Amino acid sequence: SAMCVVSSPSLARPAAARQQVAVTNDRGVLRLAICAGDRVLLSLADPCVLTQTLGPFPAGSVNCVSWTASGDALAVGVGATARVYERTRDGGAGSSWRWEETAVLTPTTGGGRRSSSSGDPLPAVEAGELAALAWSGVFGARRALWGAAAHVLMLWTQPADAGAAADASEWQLAWRRQLATPVSLLAGCGGAAALLASAGDGDRLAKVWHPEPP
């Protein structure tokens, strides 16, 4: 076993709160995304090297992070918004990967022009700050991102025909529901299963969700 210590001289000590860490295997390379107060630190795990810092965001507003299974996109929960970052090359000598913001998703709209996948208004809800994010597979979508904010569970999707550059912001809020109990934990499963598990602090069971095929 080995320990990886990631720090930045410009960082202040974050306020006492749950600090989330996300890990992905990017074609054999382990990458970390670490919530650090008003920033997100991106790092390699072995060797332990800080590669990029996202932010700063408003103080204490970074709540959660989630990688896609392939490591080519990252979602960051900043207050009530989910910010999507996609991988691109920085053009440097080593052609190293960088992550650039391509969409900002909210509990009421996606990052594109449409408000819902069906064109019908979604039920009104009162959503607070995002507590958890998770990527999952959804029928007919290039990408799908789940978010939990207190008693609200929501799903944003990106159409399958959306390009990686010009149409990267064409997201839509496809589904949203008010729940009886708050959700603080999400775990997604991609592929044909397209499953999502949700739970709250202290729950003794998990709910499993799956989208219905069109």
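Predicted model: local features only at pLDDT ≥ 70, side-chain atom pairs only at ≥ 80, totals over all residues.

Reader: What makes W146 buried?

Author: Buried means under 20% relative accessible area, exposed means over 50%, and partly exposed is in between (1.4 Å probe, protein chains only). W146 has a relative accessible area of 3%, so it is buried. W175 has 23% and therefore counts as partly exposed. V21, at 52%, counts as exposed. Of the 214 residues of the protein, 43% count as buried.

Reader: How many helices and strands are there in the protein?

Author: The protein has zero helices and 15 strands. Both are DSSP runs numbered from the N terminus: helices are H or I with at least four residues, strands are E with at least two.

Reader: Why is strand β5 called largely enclosed?

Author: Six of the six residues of β5 (residues 62-67) are buried, so the strand is largely enclosed by the rest of the structure.

Reader: What joins β5 to strand β6?

Author: Two strands pair if DSSP finds at least two bridges between them. Five bridges join β5 to β6 (residues 73-78), so the two strands count as paired. They run antiparallel, and W67 stands opposite L74 in β6. The two strands form a hairpin with five residues between them, and G71 in the turn has a positive phi of about 80°.

Reader: Why is the pair of W146 and W175 called edge-to-face?

Author: The structure holds four aromatic pairs. Rings of Phe, Tyr and Trp (its six-membered ring) pair if their centres lie within 6.5 Å; planes under 30 degrees apart count as stacked, over 60 as edge-to-face and the rest as tilted. The ring centres of W146 and W175 are 5.8 Å apart and their planes stand at 70°, so this pair is edge-to-face. W146 lies in strand β10 (residues 141-149) and W175 in strand β12 (residues 172-178), and the pair links distant parts of the chain, 29 residues apart. W146, W175 and W209 form one aromatic cluster.

Reader: Which residues form a nonpolar patch on the surface?

Author: V21, V23 and L30 form it, with about 270 Å² of accessible area together. Patches are made of residues with over 30% relative accessible area and no salt bridge; like charges are joined within 9 Å, nonpolar side chains (Val, Leu, Ile, Met, Phe, Trp, Tyr) within 5 Å. V21 is found in strand β1 (residues 21-26).

Reader: What makes D72 and R143 a salt bridge?

Author: A salt bridge is a side-chain nitrogen of Lys or Arg within 4 Å of a carboxyl oxygen of Asp or Glu. The closest N and O atoms of D72 and R143 are 2.8 Å apart, so the pair meets the definition. D72 lies in the loop between β5 and β6 and R143 in strand β10, so the pair ties together parts that are 71 residues apart in sequence. R143 also forms a salt bridge with E86, at 2.7 Å between the closest N and O atoms. E86 is in strand β7 (residues 81-89), so this pair ties together parts that are 57 residues apart in sequence. R143 has 10% relative accessibility and counts as buried; E86, at 6%, counts as buried too.

Reader: Is R27 exposed or buried, and which residue does its side chain meet in a salt bridge?

Author: R27 has 59% relative accessibility and so counts as exposed. Its side chain meets that of D26 at 3.2 Å, N to O, and D26 is buried, at 2%.

Reader: Which residues does T157 touch?

Author: Contact means heavy atoms within 4.5 Å. Not counting residues up to four places away in sequence, T157 touches V138, A141, R143, A144, E170, W171, Q172 and A174. T157 is found in strand β11 (residues 152-159) and is buried, with a relative accessible area of 7%.

Technical notes. Residues numbered from 1 in each chain as written. Heavy atoms only, no water. Areas by Shrake-Rupley, 256 points an atom, 1.4 Å probe, with all protein chains shown as cover.
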